[in-house]
Amino acid sequence: MIETSNIFAQCTSCSREFVMLEEYLKTLGKKVKFVVKTDEAVSGFTDLKELYPEIKGIMKKYERMYDKLKKKK
């Protein structure tokens, strides 16, 4: 069993990748189960910023980096 956590609930494409990985491991004779724990209060980006205010500073940092890279091109 592999247990992990994520702020967002799993999207369908991520879920599909876990299923595909489980199926691949079965062909190798391995048995695995993925458990992804999520914060059910976060249903979108707005909720994320409200519940985790520290992310705003991180976003600003990466926005500045992105702007610098964009100017270089």
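Biologist: Is Lys 68 buried or exposed?
Modeller: Lys 68 is exposed, at a relative accessible area of 58%. Buried means under 20% relative accessible area, exposed over 50%, and partly exposed in between, using a 1.4 Å probe and protein chains only. Areas come from the Shrake-Rupley method with a 1.4 Å probe, and for residues only the protein chains shown count as cover.

Biologist: What kind of model is this?
Modeller: This is a predicted model, where local features need pLDDT of at least 70 and side-chain atom pairs count only at pLDDT 80 or more, while totals for chains, interfaces and linings use all residues. Residues are numbered from 1 along each chain as its sequence is written, and side-chain values use heavy atoms, leaving out hydrogens and water.

Biologist: What is the mean pLDDT?
Modeller: The mean is 82, and 89% of the residues reach 70 or more. pLDDT is the predictor's confidence in each residue, from 0 to 100.

Biologist: Back to Lys 68, which element is it found in?
Modeller: Lys 68 is in helix H3, which spans residues 55–72 and has the highest mean pLDDT of the elements, 88. Strand E1, residues 2–6, has the lowest, 77. Helices (H or I, at least four residues) and strands (E, at least two) are DSSP runs, numbered from the N terminus.

Biologist: And what is the pattern along the sequence?
Modeller: It reads β-α-β-α-α, with three helices and two strands.

Biologist: Which residues gather in the patch of positive charge?
Modeller: Lys 68 gathers there with Lys 56, Lys 60, Arg 64, Lys 71 and Lys 72. Patch residues have over 30% relative accessible area and no salt bridge; like charges are joined within 9 Å, and nonpolar side chains (Val, Leu, Ile, Met, Phe, Trp, Tyr) within 5 Å.

Biologist: Which residues make the nonpolar patch?
Modeller: Leu 21, Tyr 24 and Leu 28 make that one, about 300 Å² of surface. Tyr 24 sits in helix H1, residues 12–27.

Biologist: Changing topic, how many salt bridges are there?
Modeller: There are two. A salt bridge puts a side-chain nitrogen of Lys or Arg within 4 Å of a carboxyl oxygen of Asp or Glu. In one of them Lys 37 pairs with Glu 3, with the closest N and O atoms 2.7 Å apart. Lys 37 lies in strand E2 (residues 34–38) and Glu 3 in strand E1, so the pair ties together parts 34 residues apart in sequence.

Biologist: What about Glu 23 and Lys 26?
Modeller: Their closest N and O atoms are 3.5 Å apart. Because they are three residues apart in helix H1, about one helical turn separates them. Glu 23 is partly exposed at 42%, whereas Lys 26 is exposed at 52%.

Technical notes:
Lys, Arg positive; Asp, Glu negative; His and termini not counted. Charge placed at Lys NZ, Arg CZ, Asp CG, Glu CD.
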